[in-house]
Structures are given as structure tokens and as C-alpha cells.
Amino acid sequence: MERRESLRALAEAARYDLSCACGDSDRTRGPLGQWIYPAAMPDGGTRPIIKAAQTSACERNCSYCALRSGTDRPEHSLAPEEMARAFVEAHSAGLVQGLFLSSAISGGPVRTMDQLLATSEILRRRHRFRGYLHLKIIPGCEQAQVERAMALATRVSVNLEVPGREHLAQVCPRKDFDDELLRPMRWIARLLEARKTNARSHTTQFVVGASNESDREIVTRAHDLYENLGLARAYYSKFQPVPGTPLENRPPTTFLREHRLYQADFLMRKYGYASGDIPFEPDGNLSTERDPKQAWADIHPEMFPLEVNLADREELLRVPGLGPVGVDRIIDRRRSSTLRDAEEMGIAHHLAARAERYLLFDGRMIQGAQLRLL
Ligand code: SF4
């Protein structure tokens, strides 16, 4: 019963971490009280995983965090043996296929990381678990520990939480942005590049609105991580005030802000936009009125209309309403015939209606379609 209660509490402690690509929306309870999440895998599929923290007792004091030191709440921990056994029981029962293992910091970063590594060693060696294992890299741990984590895990993550050191100093005064966060990310990038690890990717998370950071700062940081440190995904978690923390009276971040950041992120990862291509409002944030792709098109009238039969893939990807799948279909169709109408693009009607205002079809604009110029 005690282990069951601890696991339930430790799963709760890990629920705010999105860097394993799983949120609360589709989670279910397992028989030990643990939450089971559908998580995105590096191969693109989805598998049920347990998300849990090794301990919820933290000696750091990040001002947005429910686990920060000095709060009056029960603390839970599981020894590596117990955590491994809890996972193996759920795995053997066919409930889950993977584990996301994180931790609050207790006894210093090195000892905390050692606990995660010990759990992982038990799973991999004693229980011969070969499946999905996502390990949190504890800020401030040692290089050799990162190497060991990447030999054991399928994926690792370092959560930056904020885009720069000034912001970190505001919300996590006991964390060092360069030494404890960026430096391990560089180690990870080097190891991935050398292809000497079992881990195939790394991710991060930003807590949006915990500091007074702008969207521009977050997007610029994320783009730098994609370009220079081989980051696979950044996740954006809207700030929600937690009672009893210094930020309990700060307004929550809106879903729309988080959503706009995901849209901008998608443009950088899938459409070839640089961070400098993403348009921001004068206050440095993304528009709440228009999605970033529409906003870019609106301030670049010189790019349109594009001849749909001649434009290259990158140009077509800049057209509102056209995504990678639609663009590939257009390119495929125009190989065999000249496209003379929006319907001939072979994409959903509402997307074609949005895109046709930016396109010429064999030299003609669709009648009634109006290029939106600001
Ligand atoms: S290090 Fe900061 S964010 Fe992580 S558990 Fe501790 S207080 Fe929370």
C-alpha cells in the first residue's frame, strides 16, 4: 500500500513535465494508482508509458514549482529497486510499454542522477527491459552521468524552462543556465553526433509565462537549439500558478499563447522557417489574431501570387492553407497535368479556399479570390 501511495504521488510530481511528449488529456489510471500516458516515440508511433519522479523532495526553489523546497507538503521517494519493480509489474501486466523517469533534486544533482541511473541499470540489466526509457538529465550532473544515461535511455531531456540566464535568475535562482542546463545539452549533442549512444534524441520544455520572457526570446532559443544542438523537440507548457508558491498570484498563461508557440515551432521544424522569419508584434509576442504563417504572408505581399504550376516546394509551403502533405500532392498532380483550378490541387476544400487567394492557376487568379494585402 505504501509503495502504491508513493507511486501515485510520484506520478503526480512528474505530470507537469511535457518533455516526453505526453500531456494529461488521454491519461488513464493503472492498477497501482500510477498514471499511464500515450507518449510519442522517436519512430513517430505512440505507446503507453508511465511517467514518474524518483523523488518529489526538492532542495531547489524554482518559484513556479509545486515541488520547491520550503513548501509544506508530504514528500515521497522510491528507491531504485522499488521504482524498477513498480514499472516491471505494470509492463509485465501489459499495461505500459515504456517509462519516463524524472526527479526533483535531492542530495545534490550528482546523487539524484545516480538514483535515476541506478533504476535504469536495474531495468536494463536485471529485468532485461529493452523498451522505451526516457531519462531526465538532472541540472548540474556530471558529464560521465550524461554519457551513462544516453547509453541506457532511448531518449533524454534537459528542461530549460526559460529562454535565457536572466529569466532563470528570476524564477530559478539556484540553477545556473550555462553550467547546469546548456552545458549538458552540448554534451548530449556531441554524443548524438558521434552516434555512440543508445539514445536517439533529446528534447526540452519551456514553462511559458513563468518569467517575463517574450515569445521572440523563446522562439529564438528554440531555433538555436534545433540548429546548433540537434534538439528533436521543444515543448511549451503554459504557466499555471500553484498555491503556496511565490507566483501563486501571477495570472495563468493562456492556451492561445501556448498554441501560437507550437504553431511557430512547427513552422521552424517542418516548413523551413528561420526564427527571423517568424513575425512578432511590437511587444515581442506572437499575434493573438493571426497564426504565424498567416502573419508572415500578410507582411510579404511581394511573394504572392505564386504560380501553382511553377512554384518550388519551399515557396508553396509559405502559402496559408498549404502544408507538407498538400504541397507534395500538388507537386505530384502537376507532373501529369496543368492545374487550372483550386479543386485540382487535391486538398481539403477549406484549405484550398484559404490558399487560392495566394495562387495563380496557369496564369489566372481564381475568380472571386482576393489576395490579402496589408
Ligand atoms: S529543480 Fe526546480 S523545477 Fe525541478 S523539481 Fe526542483 S523546484 Fe521544481
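**Close-up 1. Glu-142 in the loop between β5 and α4 of the predicted model.** Glu-142 belongs to the loop that runs between β5 (132-136) and α4 (143-152). Glu-142 counts as partly exposed because 15 C-beta neighbours lie inside 10 Å, and the partly exposed class falls between the limits of 12 or fewer for exposed and 20 or more for buried. The C-alpha atoms of Glu-142 and Met-113 are 8.7 Å apart in space, while the two residues are 29 apart in sequence.

**Close-up 2. Glu-161 and its positive phi.** The backbone of Glu-161, which is not a glycine, has a positive phi of about 70°. Most residues other than glycine have a negative phi. Glu-161 is placed in the loop between β6 (155-157) and α5 (165-171). There, Glu-161 is buried, since 25 other C-beta atoms are found within 10 Å.

**Close-up 3. Asp-362 in the segment after β10.** Asp-362, a residue other than glycine, also has a positive phi, with a value near 50°. The segment that holds Asp-362 follows β10 (359-360). Asp-362 counts as partly exposed because it has 13 C-beta neighbours inside 10 Å.

**Close-up 4. The cis peptide bond between Phe-304 and Pro-305.** Phe-304 and Pro-305 are joined by a cis peptide bond, for which omega is about -5°. Most peptide bonds are trans. Pro-305 is located in the loop between α9 (292-298) and β9 (306-307).

Notes. Residues are numbered from 1 along each chain as its sequence is written. This is a predicted model: local features need pLDDT of at least 70, side-chain atom pairs count only at pLDDT 80 or more; totals for chains, interfaces and linings use all residues. Helices (H or I, at least four residues) and strands (E, at least two) are DSSP runs, numbered from the N terminus.
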